[in-house]
Amino acid sequence: MDRAHIPPRRRVGVLAGALAALGLALTGLFTAGAPTADADSQGPAKAAAQGNAAAQVKAVPKHALTGYWQNFNNGATVQKLSQVQDQYDIIAVAFADATGTPGQVTFNLDSAGLGGYTVDQFKADIKAKKAAGKSVIVSVGGERGAVAVNSSEAATNFANSVYSLMQEYGFDGVDIDLENGLNSTYMSQALKSLGQKAGSGFVLTMAPQTIDMQNTNNEYFKTALNVKDILTVVNMQYYNSGSMLGCDGKVYSQGSVDFLTALACIQLEGGLAPSQVGIGTPASTRGAGSGYVAPSVVNNALDCLAKGTNCGSFKPSKTYPGIRGAMTWSTNWDAANGNAWSNAVGPHVHGLP
């Protein structure tokens, strides 16, 4: 995802490279996630505090719709957070910004670009969305993001700065949308530290590119597995991609139901729980440079994965009824397209078994 009207990035999958990765894609797929930490082992006081917090936190729905909200004007419909469509369960505020300190991030509301939207209004809107049962998180990265967590110091800076933003604005968690690479060791360290600080109700999402989730040896995939015990959902970007390998070793081109299902299968068989897998697509043809599919195709892919129906040529060997749902870039492009995406995909996600 990026801030341009039409994303300038054109990542095209190279068939030769994809075939070279076949061995990795078909090996090492079954990886167990880390066990959930026992709150009692962290001390009675902390366990009690987390228990009280849990009673006040509305969990992310079993099947959830995620949408990115643009903190900038790039030609899509400008929205206040209060205007984000009600179908969205998780709203990712895009984006936090890097500072001059390694790993540290900050957030700067684009009040001028958003028609005079004030920080106080923004904070009040976050509070209202949360009261309505929504989760509001801050997204780090984007296509032009320059956040790097490549050391223990940077990991500490990242965790501390994101937690500070959570306290200041009321964010429920963080989205990792680093499209220029990440270090699994130190990003995992940062996210685990942040999760401990945030406690119960912490929402952690990721939006890797297709190349980032082709096999479990990839740094992004390793990060997701390393933090599986606190990970909410990985909404991979099935666009701006080109051709990629599916879990059956065949090459699939973006823009089809097979591309969505065969690539999701890699994550589902690679160690992530179905509840941790979502399908990310653009809300309109203007939301990405390539890879747009009609909302009906998203719904067919979800049906194929959850129920084994409406599949294309690829049909998974088993079903995943717990699949989390879908994501789009962005709520603003959705609004610019008459809310066609959320009006079609939202009810379908919420109606999954």
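Predicted model: local features only at pLDDT ≥ 70, side-chain atom pairs only at ≥ 80, totals over all residues.

Biologist: How many helices and strands does the protein have?

Modeller: Helices (H or I, at least four residues) and strands (E, at least two) are DSSP runs, numbered from the N terminus. The protein has 11 helices and 11 strands.

Biologist: What share of the residues is buried?

Modeller: Buried means under 20% relative accessible area, exposed means over 50%, and partly exposed lies in between (1.4 Å probe, protein chains only). Of the 353 residues in the protein, 54% are buried.

Biologist: What part of the contacts joins residues 24 or more positions apart?

Modeller: A contact means heavy atoms within 4.5 Å. Among contacts in the protein with a separation of 6 or more, 77% are between residues 24 or more positions apart.

Biologist: How are the two faces of a strand read?

Modeller: In a regular strand the side chains alternate between the two faces of the sheet. In strand β10 (residues 277-282), V277, I279 and T281 point one way, G278, G280 and P282 point the other way, and all are buried. Strand β7 (residues 233-237) likewise has both faces covered, with V233, N235 and Q237 on one side and V234 and M236 on the other.

Biologist: Why is β7 described as largely enclosed by the rest of the structure?

Modeller: The description applies because 5 of the 5 residues of β7 are buried.

Biologist: Which strands pair with β10, and in what sense?

Modeller: Two strands pair if DSSP finds at least two bridges between them. β7 and β10 pair in the parallel sense over 4 bridges, and Q237 stands opposite G280. β10 also pairs in the parallel sense with strand β11 (residues 325-329), over 5 bridges; there the bridge partner of I279 is A326. Strand β6 runs parallel to β7, joined by 2 bridges, with M206 opposite V234.

Biologist: How is a pair of packed helices described?

Modeller: Two packed helices are described by the angle between their axes and the distance between the axes. Axes are lines fitted to C-alpha atoms, for helices over the stretch in contact, and angles run from 0 to 180 degrees between N-to-C directions. Helices α5 and α6 (residues 184-198) pack at an angle of about 35°, with their axes 8 Å apart.

Biologist: Is the crossing of α5 and α6 left-handed or right-handed?

Modeller: A crossing is left-handed if the near helix is turned anticlockwise from the far one by less than a right angle, and right-handed if clockwise. α5 passes α6 in a right-handed crossing.

Biologist: Which residues meet there, and of what kind are they?

Modeller: Among them are A155, F158 and Y163 in α5, and Y186, M187 and L191 in α6. Ala, Val, Leu, Ile, Met, Phe, Trp, Tyr, Cys and Pro count as nonpolar, Asp, Glu, Lys and Arg as charged, and the others, Gly among them, as polar. The residues of the contact of α5 with α6 divide into 12 nonpolar, 5 polar and 1 charged.

Biologist: Where is L165 found, and what does L165 touch?

Modeller: L165 is found in α5 (residues 152-169) and is buried at 5% relative accessibility. Beyond residues up to four places away in sequence, L165 touches V105, T106, F107, G170 and F171. S161, also in α5, is buried at 8% relative accessibility. With neighbours within four places set aside, S161 is in contact with G103, Q104 and V105.

Biologist: With which side chain does the side chain of T205 make a polar contact?

Modeller: A polar contact is a pair of N or O atoms within 3.5 Å; within protein, one must be able to donate a hydrogen and the other to accept it, and residues adjacent in sequence count only if both atoms are side-chain atoms. The side chain of T205 makes such a contact with that of D175, at 2.7 Å. T205 lies in β6 (residues 203-206) and is buried, with a relative accessible area of 1%.

Biologist: Is N108 buried or partly exposed?

Modeller: N108 is partly exposed, with a relative accessible area of 45%. N108 is found in the loop between β3 (105-106) and α4 (119-131). Leaving aside neighbours within four places in sequence, N108 is in contact with N71 and D97.

Technical notes: Residues numbered from 1 in each chain as written. Heavy atoms only, no water.
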